[in-house]
Amino acid sequence: MKDEYRHKGLRRKMLDELRTLGIVDEDVLDAIDRVPRHFFLSSAFEQFAYQNKAFQIGAGQTISKPHTVARQTELLGLVPGQKVLEIGTGSGFQCAVLCAMGYKVFSIERQRSLYDKARPLLASMGFKPQLFYGDGYKGKKTFAPFDGIIVTCGAPEVPEALLQQLAIGGKLVIPVGEGDTQLMYSFERISEKEFTRQKHGEFAFVPMLSNRAQG
Ligand code: SAH
């Protein structure tokens, strides 16, 4: 697939829409500008790739809306070189945006087919995240602590393992809830045992499920 002039134009329009929706971090918008979203969708959706919509990516999963990706990245509030763990690689789009921000990225996906697709795609675009096929509920202890953890599926509750794998000063950005929509929370670890919590409005995600999917 190619990133053509018309894609770049559509992307600029999308960035303006994200600004209208309240995204203020220009570094985040710049990172999104550097990741052609149409590479992450099947060609049937190519013409819609720069709309603020979620689309099917296979295995019953969806790519998050650009606004959701922008908002979660903004809420992480990291600086280049910091370590971030993503739960739910999915298409790899959010993962690519985190790489474009200059973070050291780790990402876990429980659907084998999505993991197998995202891996070569991200590599072909020059991004170098460490990808894992596994269950994100457990986090990735061997690479902890993380400066940021971003969950891109709706969690029924906040997994304790993820809180425990945050560095002091680190942030967990996680949508919580089991219905059609979830409430976005950010938790900041302020000491070994203390966390602060903030709410950031409603978003819609596919559910966070336990264990690796079989097949
Ligand atoms: N960040 C992705 C969003 C994909 S949707 C993107 O930009 O495209 C959320 C993804 O979370 C799905 O692919 C789903 O399979 C995955 N997921 C759900 N529960 C999980 C878990 N426990 N561990 C890892 N991935 C999980």
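**Group meeting: the ligand site and selected backbone features**

Pro145 is found in the loop that runs between strand 5 (130-133) and strand 6 (146-151). I begin there because this is a predicted model, and the peptide bond joining Ala144 to Pro145 is modelled as cis, with omega at about 5°.

Two further backbone features deserve mention. Ala59 has a positive phi, near 55°, although the residue is not glycine. Its place is the loop between strand 1 (55-58) and strand 2. With a relative accessible area of 37%, Ala59 is partly exposed. Asn211, likewise a residue other than glycine, has a positive phi near 60°. Asn211 belongs to the segment after strand 9 (195-203), and at 46% relative accessibility it counts as partly exposed.

I turn now to the ligand.

For Ser91, an N or O atom of the side chain is 2.6 Å from an oxygen atom of the ligand. For Gly136, a polar backbone atom is 2.8 Å from a nitrogen atom of the ligand. For Glu86, a polar side-chain atom lies 3.0 Å from a ligand nitrogen atom. As for cover, the ligand taken alone exposes 580 Å², of which the protein buries 99%.

Helix 4, residues 93-100, is mostly covered, as eight of its eight residues are buried. Those buried residues include Phe93, Gln94, Cys95 and Leu98. After helix 4 comes Gly102, with a positive phi near 90°.

Finally, I consider His67, which is placed in helix 3 (residues 66-76). Is His67 buried or exposed? The cut-off for buried is under 20% relative accessible area, and His67, at 16%, therefore counts as buried. Leaving aside residues up to four places away in sequence, His67 touches Leu18, Leu21, Ile23, Asn52 and Phe203.

Notes:
Residues numbered from 1 in each chain as written. Predicted model: local features only at pLDDT ≥ 70, side-chain atom pairs only at ≥ 80, totals over all residues. Heavy atoms only, no water. Helix = DSSP H or I, 4+ residues; strand = E, 2+ residues; numbered from the N terminus. Buried < 20%, exposed > 50% of the residue type's maximum accessible area, 1.4 Å probe, protein only. Contact = heavy atoms within 4.5 Å. Polar contact = N/O pair within 3.5 Å; in protein donor to acceptor, adjacent residues only side chain to side chain. Areas by Shrake-Rupley, 256 points an atom, 1.4 Å probe, with all protein chains shown as cover.
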